[in-house]
Amino acid sequence: MNPNETTRLRFRPWAESDAEVLFNYASDPDVGPRAGWPPHQSVEESLEIIQNIFSNDHTWAIELKENGEVIGCIGYYPYDESNIGIGEMDAELGYWIAKPYWNQGLCTEALRSIIDYCFNAKGFFTLWCDFFVDNPASGRVMEKCGFRDTGEFNWLSHLYRGDERPVKVMRLDYALETM
């Protein structure tokens with residue numbers, strides 16, 4: 001089961017045939033570092049990412065409904081895969097959108113859909129997000145979707161440049177979301 005479609009977006013599993021379009025966007029030095037990964041260096045690297053990281057039941061390609069183009073990625077990490085300490089009935093959300101699609105409300109639209117899916121289809125109690133402090137636009141997307149600042153900062157040394165810049169931790173509780 002996938003998250004719902006939105007007005008402009010569809011969510012689907014990644015396919016190996018997406019490697020070239022993934023490389024096209026993931027090689028942009030303005031995209032990956034904001035999300036904690038280095039720019040992709042080859043189509044082969046993008047294919048390996050699809051095969052080894054995106055091929056699971058909780059990561060989806062974000063596709064434009066109007067033309068079927070893959071423009072980003074969204075998913076959740078269960079507690080045992082999270083970058084931050086969360087409870088067993090919690091999930092950490094993550095997303096990115098290709099640069100040509102920034103500032104069009106697509107991240108907010110995608111994040112609202114995965115929030116609905118995680119609370120109503122998966123039954124999580126609390127959702128978590130984090131963003132690098134040098135990427136406040138991602139934090140604004142989270143705030144638009146109801147996430148609240150926890151006041152916590154983490155250093156995620158396993159992420160690209162994670163030793164150089166902290167992430168700000170955000171939280172959304174089911175009880176608050178449904179009020």
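Analyst: Lysine 65 has a relative accessible area of 30% and is partly exposed. The model is a predicted one.

User: Why is lysine 65 called partly exposed?

Analyst: Buried means under 20% and exposed means over 50%. The relative accessible area of lysine 65 is 30%, so the residue falls in between and counts as partly exposed.

User: What makes the contact of lysine 65 and glutamate 5 a salt bridge?

Analyst: The definition asks for a side-chain nitrogen of Lys or Arg within 4 Å of a carboxyl oxygen of Asp or Glu. Here the N to O distance is 3.2 Å, so the pair qualifies. Lysine 65 is in the loop between β2 and β3, and glutamate 5 is in the segment before β1, so the pair ties together parts 60 residues apart in sequence. Both residues also belong to a network of salt bridges that includes Arg10 and Glu63.

User: How do you know that aspartate 30 and lysine 99 form a salt bridge?

Analyst: Their N to O distance is 2.4 Å. The cut-off is 4 Å, so the pair counts. Aspartate 30 lies in the loop between α1 and α2, lysine 99 in the loop between β4 and α4; the pair therefore ties together parts 69 residues apart in sequence.

User: Why is lysine 168 not called buried?

Analyst: Buried requires under 20%. Lysine 168 has 22% relative accessibility, so the label is partly exposed. Its salt-bridge partner is aspartate 149.

Note on methods
Residues are numbered from 1 along each chain as its sequence is written. This is a predicted model: local features need pLDDT of at least 70, side-chain atom pairs count only at pLDDT 80 or more; totals for chains, interfaces and linings use all residues. Side-chain values use heavy atoms; hydrogens and water are left out. Helices (H or I, at least four residues) and strands (E, at least two) are DSSP runs, numbered from the N terminus. Buried means under 20% relative accessible area, exposed over 50%, partly exposed in between (1.4 Å probe, protein chains only).
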